[in-house]
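Student: I have a two-chain model open. Could you walk me through how to read it?

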Amino acid sequence: MKVYIESKNKWTRAKAPSAAALLKKLNINPVTVLVVKNGSLVADDEKLSEKDEVKILSVVSGG
Amino acid sequence: MVCKKCKQEPVFALASGEKLCKKCFNSYIEKKFRKTIRKCELIEKGDRIAVALSGGKDSSVLLKLMHSIWAQRKDFQLFAILIDEGISGYRPLTTKFAQNLCKKLGIKLYVYSFKKELGYTLDQMVRELKKGPCTICGTFRRYLLNKKARELKANKIAFGHNADDEAQSIVMNLFRSNNDAAARLGVINGIKRDPRFIPRIKPLYFLLEKEITAYAYLNNLLGVFKECPYTALAYRGQVRDMLNDFESRHPGTKTGVLSAFLELLPLLKDKFRTEGEIAYCKYCKEPTTTDECMACKLLAELKRKK
């Protein structure tokens, strides 16, 4: 699936059965991000498929 | 798994593991916010409250939630103050978002800039002073917010500090053995009362940063996500990462830090209330702990370098 990582401002491709598995694969702490699947905010255990477009939004900010 | 309450698709999983749909999540945030206001008596009849607005997610969520309370009660006044530090490429974007939000909610916004009030933008100050940008910015932001809120006859300033910010401050003060600074934390900032010092309230105190960001996302309050170019969270950043690491492995860690601290806070406030007096700066007459406030010290340094 196509994955956008906001903190790195980059698109990548990854394969994972759920949002939680995807974050683990990308080494991202789930506490620090929101997962948006096809334009909708989803809980961390949401199932994912190859056709999905996923955005990983950062929740930590500073300044 | 669906939302337990209404069987809709969940958008958020709480630290307890409970999953909520958009409607139930919004309701959870709004109830938690109202509970903080009620239990900590943050809003009283006749108050005139200034919301410190930056256009970032925390202060935007705070403004929207404060407005929702005002719309129901109308027994207090609400307005917003935005401090434009003069950070090129960053602040103009969040200022625009803040202006649009205030317009949409019908809230009066007062904008003050470092340049106009102090004679320098933060960008200029950072080039001239050998101090961290966050130290310079924090000093003048606090200085101007307090001064302008008082001039606008506010009796409280509401800040968008969240549970993550507070847990980080608590742990930082603990690690540095800085009980004096810890005593000034809490839902209502400060230890001593003085007519020139406007009390600061933190209505988002019990909401986690992730919860606030999700609420901002669901309610179109995220605006332009852009980090301040001066963000240098050396020590705070390490504490933040440590707490996030613990939170992911032991959900409820941050809330635990807050609960334990709030039990100790009355003792800390008692201890430090009796030590030292609030003084007034000999130059600007603003409240401080010594005879010259940090803002005047920094401004004098800038003038010497001119």
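This is a predicted model: local features need pLDDT of at least 70, side-chain atom pairs count only at pLDDT 80 or more; totals for chains, interfaces and linings use all residues.

Student: Start with chain B. In which order do the five strands of its open sheet run?

Tutor: Read a sheet by its strand order, then by the direction of pairing. In chain B the order is β5-β4-β3-β6-β7, and the pairing is parallel. The edges are β5 (109-113) and β7 (200-201) of chain B, each pairing on one side only.

Student: How many bridges join β3 to β4 in chain B?

Tutor: Count bridges, then look for the residue partners. Strand β3 (residues 48-52) and strand β4 (residues 77-84) of chain B are joined by five bridges and run parallel. B:Val51 has B:Ala80 of β4(B) as its bridge partner. B:Ala52 is partnered by B:Ile81 in β4(B). Now follow the chain between these strands.

Student: Which strands does helix α2 of chain B lie across?

Tutor: Helix α2 (residues 57-73) of chain B lies across β3, β4 and β6 (156-158) of chain B. Its angle to β3(B) is about 155 degrees. Helix α3 (residues 91-105) of chain B lies across β4 and β5 of chain B, at about 165 degrees to β4(B).

Student: Is β3 of chain B mostly covered or mostly open?

Tutor: Mostly covered: four of the five residues of β3(B) are buried.

Student: Which residues have the most contacts inside the largest nonpolar core?

Tutor: Look for the residues that join a core together. This core has 91 residues, and those with the most contacts inside it are B:Ala50, B:Val51, B:Ala52, B:Ile81, B:Ile157 and B:Ala158. Helix α6 (residues 133-151) of chain B gives the core its largest share, seven residues. Take B:Ala158 as a case. Beyond its neighbours within four places in sequence, B:Ala158 contacts B:Ile49, B:Val51, B:Ala52, B:Leu62, B:Met66, B:Ile201 and B:Pro203.

Student: Now chain A. What is the strand order of its open sheet?

Tutor: The five strands run β2-β1-β5-β3-β4 in chain A, and the pairing is mixed. The edge strands are β2 (10-13) and β4 (40-42) of chain A. Neighbouring strands of this sheet are turned by 30 degrees against each other on average, ignoring direction. One antiparallel pair is strand β3 (residues 33-37) of chain A with β5(A), over five bridges. There, A:Leu34 has A:Leu57 of β5(A) as its bridge partner.

Student: How many residues does each chain bring to the contact?

Tutor: Chain A brings 16 residues and chain B brings 23 residues. Next, sort a side by residue type. The chain A side divides into eight nonpolar, five polar and three charged residues.

Student: Why does A:Val59 count as buried?

Tutor: Count the neighbours. A:Val59 counts as buried because 22 C-beta neighbours lie inside 10 Å. A:Val59 sits in the segment after β5 (53-58) of chain A. Leaving aside neighbours within four places in sequence, A:Val59 contacts A:Thr32, A:Val33 and A:Leu34, as well as B:Glu209, B:Lys210 and B:Thr213.

How values were computed
Residues are numbered from 1 along each chain as its sequence is written. Chains are lettered from A and ligands numbered from 1 in the order in which they are written. Two residues are in contact if their C-beta atoms, placed from the backbone, lie within 7 Å. Ala, Val, Leu, Ile, Met, Phe, Trp, Tyr, Cys and Pro count as nonpolar, Asp, Glu, Lys and Arg as charged, and the others, Gly among them, as polar. Helices (H or I, at least four residues) and strands (E, at least two) are DSSP runs, numbered from the N terminus. A residue is buried if 20 or more other C-beta atoms lie within 10 Å of its own, exposed if 12 or fewer, and partly exposed in between; C-beta atoms are placed from the backbone. A nonpolar core is a set of buried Ala, Val, Leu, Ile, Met, Phe, Trp, Tyr and Cys residues joined through C-beta atoms within 7 Å. Two strands pair if DSSP finds at least two bridges between them. Axes are lines fitted to C-alpha atoms, for helices over the stretch in contact, and angles run from 0 to 180 degrees between N-to-C directions.
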